Amino acid sequence: MMMAQIQQKEDRLSLQPKKFVMWLFVFASFMIFAALTSGFMVYAGGRGHALNVILPNIFMYSTGVLIISSVTLFLATRATKRQEVSKQRLFITLTMILGVIFFGLQIDGWRILTEMNIFFVEPNASRSFIYIFTGVHLLHIIAGLLLLTSALYTTYRSKPQSIIQFRLEIASIFWHFLDIIWIYLYVFLLLNQN
Amino acid sequence: MSTVAVHDHSVSHDHDHEHHHHDTFITKYVFSQDHKMIAKQFLITGITMAVIAMLLSILFRIQLAYPDKTFPLLTTLLGRFAPNGRLDPEFYLSLVTIHGTIMVFFVLTAGLSGTFSNLLIPLQVGARDMASPFVNMLSYWFFFGASIVMLSSFFVQKGPAGAGWTIYPPLSALPKAMKGSEMGMTLWLISMVMFIASSLMGGINYVSTVLNMRTKGMDLWKMPLTVWAFFLTAILGILSFPVLVAGVVLLIFDRSFGTSFYLSDIVMNGKLLPYSGGSPILFQHLFWFLGHPEVYIVIMPAMGISSEIIAVNARKPIFGYHAMVYSLIGISTLSFIVWGHHMFVTGMNPFLGGVFMITTLIIAVPSAVKTFNWIATIWRGNIRFTPAMLFAIGLVSFFISGGVTGIFLGNSALDIPLHDTYFVVAHFHLVMGSAAIFGMLAGVYHWFPKLFAGRLMDEKLGYFHFWVTFICAYLVFFPMHFMGLDGVPRRYYAMTEFPAFNHWLSVNTFITWAAIVAALAQVSFLYNFFSSIFFGKRATQNPWNANTLEWTAPMEHIHGNWRGDIPTVYRWPYDYSKPGHDEDFIPQTVPLSETMSSNLPHDFEDNPAGLEIYNEWAKANRPSEVK
Ligand code: HEM
Ligand SMILES: [Cu+2]
């Protein structure tokens, strides 16, 4: 009993700073998006290059998918805390599937944009910014999927509960952040549609 | 409760320790995860890069001093970059660019923070290692890779990047614009992306370690100023480097995919290029949003190092400890809202220029607070002029003489004639270049026994190194102020060929010779450094009689830094020459209960029980002082 307690304290001690590392990484990522959106404002404001694009609805659907994935991830975290392993696996897998669907929808969004004659390479770089925002965000989504994979993988290894929980926590901090950032980008684009 | 936790922690590490005895050469010297070894790796790579960047500067100084002489030796050394014994004009620009890039980023950012944050943060806050030793190791190897890629650009056909260390488009965005815009520029971008990754990994680790892994008793207000400086520097890096990533991503798309973020209406070889609508000013905004914090990323660690060394060697508490911390915080905050002072002449709205002018001039206030506090610390101190102390005082000198010209440049109207002249070159080489290098050298002399298992560097050579470098730095950079006031532009291959400027040729020759003497003086440092690693005099465990925790750790390097428990901290790090104590220093690990004769009422500010005991003791032993 005593041993177990000491063990736990020690885990907390050594894992806490690592979790903090994740938070700092999130701040750094946030600054990239802050810089890109500020860049957009300088660009669009300075020269009168408005976006003039009605965003296709597909981005609304992808936003919905990403929000649901945050909910399933929350359920996975709850299952982990209650030590319900199979539920935990189920919800992490669901989150990952939703993440992949989001990825696909964004790419399809690009296809629809090009059909609307809105290209990445064109004189009005406000429009190129749409591709930059979504593209840089998708790169982050890939990283998020990798973190989720590692969280899922740990549940199949005989690792202590604290490690399993830790991996999932790391992945969730990042994934929820990606969700919020996408909503920010989407609202930002909606507000600047014309 | 936390005692138990800290204790358990150490037990687990002793356990680790046993495993580490099986270190192989590779895990010990190459892919080491030990913060002390990583610090040495950063230092040696940093010194190597500094020597390279210094040699580059001598090359272009030769061109400036002798614009119409030929030097066949140059052709032998540089081949196609110096045909017929004279530097190729475009290669001159590459030299200036790579010199600036290496000095600012590779030496004074990675070399300085990488070495001293790694060495001192765990040792001074009382931690066994960094929050994530693995990420820390990656941070070094990304830096190493970035260095290799940057240097490799000397081996491509057209030579290294040539658009200046600020790589403004369109030069950096159009591969066909000049030689330095081609492959060299691509390599520059790749190298910088790796460098930023390295910086972020390092910085994130430093912040997490300082916030989470301090030993018992080490609250934030008991941290040495070095740790405060490294901590705030790392925060600046985390917030500003990602912005450069954003800027560089857009630049890469302009370069390679034909977007027009930064490009507009460009005619090359009589042909109108398809780019339109872009804004090169946008890049400047993104660059300087990093660029200005970056100059403070360079100077703040040097400031922290000097504060510590000055207090130790003046044998006095640092003057205004709280003011020193608050001024660092003030500088860090302000540094994000002044970037526009680099862009006064971009056609910026004069009102916006005024705003940036005010924020810029406000930064002078915390800077002055720091300067006055250093001087007040030295004032009537019991000064020991060790080489480290001299270099720290040198930093103060350069920071003052370079900071004063910042006030001129910060005025948006005065900047119109001064922008892009040698006046700016003089300003930043004194306030940033010389000051930060002196801070770094001070740190090397001071902490050499911590870096290299208890050896000291030679003092005589240190004094020689200091005086020659100090005098030559002024001889090199001071005359540039006058050139700038006369309008001599920076980054010109042969500006003295213009009739208006040819009277500056003799000054240019003088500067070049001063630079060559300064460069030769560095040989004494290199010899001193490398020979002392093996043959240096043996130091005692605490050679400078300093208070901070690193001197309580055993001299030989062990994993986890301390045998057994990590020491507990009871007091701030600046109890030097405290009246009533028999020695002139009291290490942070000495409890107040052991120093009754020197305690003061304010030592017990948030400790009423201690104050009561103190009052009782004072009543019994010093009845005259008790009211
Ligand atoms: C009193 C505080 C300071 C003020 C008011 C100030 C102001 C300025 C201004 C207005 C410029 C732009 C000049 C131009 O390009 O026309 C400038 C350039 C520069 N300053 Fe400062 N500065 C100050 C302190 C510092 C410090 C502490 C550092 C570094 C540690 C620094 C590093 C630089 C650098 C590197 C440049 C030149 C960048 C380039 O164009 O290549 N300055 N400074
Ligand atoms: Cu600046």
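The model is predicted, with local features needing pLDDT of at least 70 and side-chain atom pairs counting only at pLDDT 80 or more, while totals for chains, interfaces and linings use all residues. Residues are numbered from 1 along each chain as its sequence is written, chains are lettered from A and ligands numbered from 1 in the order in which they are written, and side-chain values use heavy atoms, with hydrogens and water left out.

Chain A has 5 helices and 0 strands, where helices (H or I, at least four residues) and strands (E, at least two) are DSSP runs numbered from the N terminus. Its C-alpha trace spans about 70 × 30 × 20 Å along the principal axes. Of its 194 residues, 49% count as buried; buried means under 20% relative accessible area, exposed over 50%, and partly exposed in between (1.4 Å probe, protein chains only). Among contacts in chain A with a separation of 6 or more, 84% join residues 24 or more positions apart, a contact being heavy atoms within 4.5 Å.

Two loop residues of chain A deserve a look at their backbone angles. Gln83(A), in the loop between helix 2 (58-81) and helix 3 (85-115), has a positive phi near 60 degrees without being a glycine. Asn117(A) is likewise not a glycine and has a positive phi of about 65 degrees; this residue sits in the loop between helix 3 and helix 4 (125-156). Gln83(A) is exposed, with a relative accessible area of 53%, and Asn117(A) also counts as exposed at 53%.

The next stop is chain B, where ligand 1 has 22 residues around it, each with a heavy atom within 4 Å. Those that come nearest are Trp165(B), Asp415(B), His419(B), His427(B) and Arg490(B). By class, the shell holds 12 nonpolar, 8 polar and 2 charged residues; here Ala, Val, Leu, Ile, Met, Phe, Trp, Tyr, Cys and Pro count as nonpolar, Asp, Glu, Lys and Arg as charged, and the others, Gly among them, as polar. A side-chain N or O atom of Trp165(B) lies 2.9 Å from an oxygen atom of ligand 1, and the side chain of Arg490(B) likewise places an N or O atom 2.9 Å from an oxygen atom of the ligand. Helix 9 (280-314), helix 12 (387-409) and helix 14 (422-451) of chain B each give two or more residues to this shell.

The iron atom of ligand 1 has a single protein donor, NE2 of His427(B), 2.1 Å away; donors are N, O and S atoms within 2.8 Å of the metal (3.2 Å for Na, K and Ca), and water is not among the atoms, so sites may look incomplete. His427(B) belongs to helix 14 of chain B. The copper ion (ligand 2) lies 4.6 Å from this iron atom. Its protein donors are His292(B) (ND1), His341(B) (NE2) and His342(B) (NE2), at 1.8 to 2.1 Å. Along the chain, these donors follow the spacing H-x48-H-H. Because His292(B) lies in helix 9 and His342(B) in the loop between helix 10 (321-334) and helix 11 (350-378) of chain B, the pair ties together parts that are 50 residues apart in sequence. His292(B) counts as buried, at 5% relative accessibility.

Technical notes. Polar contact = N/O pair within 3.5 Å; in protein donor to acceptor, adjacent residues only side chain to side chain.
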